[in-house]
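I opened a new structure today and kept notes as I went. Here is what I looked up, entry by entry.

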Amino acid sequence: MSAMDAMFYYMEGENTPMHVGGVAVLEGPAPAYGDLVRLLAAKMDQVPRYRQVIKPVPFQLGRPIWVDDPHFQLLYHVRHTSLPKPGGPKQLRNLAGRVFAQRLDMTKPVWEAWLVEGLADDRWALISKAHHCMIDGEGSTELMQVIFDLEREPVRHEPSDWTPSAAPSTLSLTAESLVETVQEPLRAIGVPSLDDLAKLPAALAGVAVAIKELVPQQLAQLVPGGGQPTPKSLNGPLGPNRRWVWTDATMAEVKTIRTALGGTVNDVILAAVTRGYRDLVAGRGELVPGMVVRSLVPVSTRQASGRGQVNNQVTSVVVDLPVAEDDPVRRLQLIREQMDRNKRGMGAVDAAAIVGLADYAAPTLLALGARSMSRMPNRLTQTGTTNVPGPRVPLYLLGHQLVESHPYVPVFAGVRVATGIFSYLDTFSFGITADFDSFPDVDVIADGIRAGFDELIDAAAVGEGQVADQS
């Protein structure tokens, strides 16, 4: 595992299931369970990680490794269920919330797929989840394009014979880790190799720019009484259960807003998400002047050479969602200014190289840091917002077209709510995950996001009308 993958593995806990996932809704009628199993069996060769298990290194002398599962049984990972009538969005969300709340069995390949029948309008769904140590958001899109087809009736292939490779013994794995530790003492204490040291001058120059652009605002929030006020109820201990809801927006809506008001797709999306959190904290009586909700926003470091790899290649920035601002256009402007500053900071460094330096951290310290981060109180961020671009072409599964795709992201490290955004065809879907006990009002966020787009569209229409009047 890379250091990033290993961190997500170590963060797994009783109340912190660390898998990502989604709900795919397809046109009906639902296929037979056996047909789905046979299809996935035929595609397993394209995703060998789905037949591998995690083997920890004793005493954490090295990062965990992936080995073939000698007892792999596809029927264990592919499940079958049905919704109670009427089989509408509410019933599907409740079912998916229960499925996503359940931890994966970490002694088996860390993924599941659920065939769900009984949806209204003669539709069916596929609920899928895979551990975050195996895949990130962009990687999940690439995996989606492996499992799904680009044609309604593609050429079908029969499952191939598969023989698992022998896994290294615990003794040999321990011995190899000890030898590596002795031969590479600098790496064992977290110091990079000579080749990496040669790259440091350029990297440090970039880091200096990044610090100038990004750090002062982040440090201000850590000083008692410093920075802008943040709501308290979004952070705290997590229970074992989850609430999960979604809402949608169209590409046309985002394009209309961008054209009239400026900003990027991400800026517009974050502005709408800000309205969702504004409504939430206002409804909870926490909204005060100057308040922000600090969101972790992942940024992909995946380069062309990393396409098709099933692993994590991502870093993050922190964005203050200006929930105290009541003008939607001003909210968009404030977010745009922050994202421009983040781009200047991130653009000055080789993010992939900086993230890669974590691979030189001692595995024991890496495990300790990941577990501490997942359990200690969090004062820096109140939520996470992940935007993953999906395919703009129709996808099919067993001859059935995919009509909706809704993302699931985990909550962890004392952050009780997070939003995943996934685009498919001409629609953005916003999947909101929340701790069950502390978020009975999670629907307020979903409704607020939808209201955020509506008010930005209204503002865009006003702006276009003013331009027309001036002309």
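**Confidence.** I began with residues 350–362, where pLDDT stays under 50. The model has 30 contacts beyond four places in sequence for that stretch. This is a predicted model, and I checked its overall confidence next. The mean pLDDT of the protein is 82, and 75% of its residues reach 70 or more. Residues 203–214 also have a pLDDT below 50. I found 19 contacts for residues 203–214 beyond near neighbours in sequence. Where pLDDT is low, the predicted coordinates should not be read in detail.

I traced six strands that form an open sheet, in the order 4-5-6-1-12-11. Their pairing is mixed. Strand 4 and strand 11 (396–397) are the edges, each pairing on one side only. I then looked at strand 1 (residues 19–26) and strand 12 (residues 400–408). They run antiparallel and are joined by six bridges. Gly-22 has Pro-407 of strand 12 opposite. Helix 2 (residues 33–43) lies across strand 4, strand 5, strand 6 (123–131) and strand 11. I noted its angle to strand 4 as about 155°.

**Strand 2.** Which residues of strand 2 (residues 52–55) are buried on each side? Gln-52 and Ile-54 are buried on one side, Val-53 and Lys-55 on the other. Strand 2 runs antiparallel to strand 3 (residues 65–68), with four bridges between them. Gln-52 has Asp-68 as its bridge partner in strand 3.

**Salt bridges.** How many salt bridges does the structure hold? I noted 18. Side chains of opposite charge can pair when their charged atoms come close. I went through several of them.

- Arg-51 pairs with Asp-45, and their closest N and O atoms are 2.6 Å apart. Arg-51 is buried, with a relative accessible area of 7%. Asp-45 is partly exposed, at 42%.
- Arg-79 forms a salt bridge with Glu-112, the closest N and O atoms being 3.3 Å apart. Arg-79 lies in strand 4 (residues 78–82) and Glu-112 in strand 5 (residues 111–119), so the pair ties together parts that are 33 residues apart in sequence. Glu-112 has 5% relative accessibility and counts as buried.
- Arg-242 and Asp-435 meet through their side chains, at 3.8 Å from N to O. This pair links distant parts of the chain, 193 residues apart. Arg-242 is in strand 7 (residues 242–250) and Asp-435 in strand 14 (residues 427–435). Both Arg-242 and Asp-435 are buried.
- Arg-275, Asp-279, Arg-331 and Glu-455 form a network of salt bridges.

**Helix 10.** I listed the buried residues of helix 10 (residues 251–261): Met-251, Glu-253, Val-254 and Ile-257. Why do they lie on the same side of helix 10? They cover an arc of only 165° around the axis, which puts them on the same side. An α-helix has 3.6 residues a turn, so residues three or four places apart point the same way. The face turned away from the buried side of helix 10 carries the exposed residues Lys-255 and Thr-259. After helix 10 comes Gly-262, and its phi is positive, near 90°.

Methods: Residues are numbered from 1 along each chain as its sequence is written. This is a predicted model: local features need pLDDT of at least 70, side-chain atom pairs count only at pLDDT 80 or more; totals for chains, interfaces and linings use all residues. Side-chain values use heavy atoms; hydrogens and water are left out. Buried means under 20% relative accessible area, exposed over 50%, partly exposed in between (1.4 Å probe, protein chains only). Helices (H or I, at least four residues) and strands (E, at least two) are DSSP runs, numbered from the N terminus. The arc is that of the directions from the helix axis to the C-beta atoms. A salt bridge is a side-chain nitrogen of Lys or Arg within 4 Å of a carboxyl oxygen of Asp or Glu. Two strands pair if DSSP finds at least two bridges between them. Contact means heavy atoms within 4.5 Å. Axes are lines fitted to C-alpha atoms, for helices over the stretch in contact, and angles run from 0 to 180 degrees between N-to-C directions. pLDDT is the predictor's confidence in each residue, from 0 to 100.
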